[in-house]
Amino acid sequence: MLAENEKITEAIQVRFDISDADTKQREEKGLLNVCREFKLKRGLILTMYDEGKYTASGITIEIMPVYKYVLKHLK
């Protein structure tokens, strides 16, 4: 989780690989629980290579390689 001014602003799960359906489901479940608890509309799963974006239970889940996340936040 990322916090700004003592408020949770982003939920992040990190997993090397989510190609296994059980692993993806477990990571998604944990992310959705955190998003609901902190009233977030978006969650992020960082992986080594996987990419994608979809909505589950009204929450947008983005899957992104960690290098893209780092490059995006180097500004």
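1. Strand β1 (residues 2–4) has the lowest confidence, at a mean pLDDT of 61, while strand β5 (residues 59–65) has the highest, at 97. For the chain, the mean pLDDT is 91, and 92% of residues reach 70 or more. Where pLDDT is low, the predicted coordinates should not be read in detail.

2. Glu-10 lies in strand β2 (residues 7–14). Its relative accessible area is 12%, and because the cut-off for buried is under 20%, Glu-10 counts as buried. The side chain of Glu-10 makes a polar contact of 2.8 Å with the side chain of Arg-42.

3. How many aromatic pairs does the structure hold? There is 1 aromatic pair. Phe-16 and Tyr-49 form this pair, with edge-to-face geometry: the centres are 6.4 Å apart and the planes are at 80 degrees to each other.

4. The pair links distant parts of the chain, its two residues being 33 residues apart. Phe-16 sits in the loop between β2 and α1 (21–37). Tyr-49 belongs to the loop between β3 (42–47) and β4 (52–56).

5. Are the two partners of the pair buried or exposed? Phe-16 has a relative accessible area of 56% and is exposed. Tyr-49, at 62% relative accessibility, is exposed as well. Both are classed this way because exposed means over 50% relative accessible area.

Definitions and conventions. Residues numbered from 1 in each chain as written. Heavy atoms only, no water. Helix = DSSP H or I, 4+ residues; strand = E, 2+ residues; numbered from the N terminus. Buried < 20%, exposed > 50% of the residue type's maximum accessible area, 1.4 Å probe, protein only. Polar contact = N/O pair within 3.5 Å; in protein donor to acceptor, adjacent residues only side chain to side chain. Phe/Tyr/Trp six-rings, centres within 6.5 Å; stacked < 30°, edge-to-face > 60°. pLDDT = per-residue confidence, 0-100.
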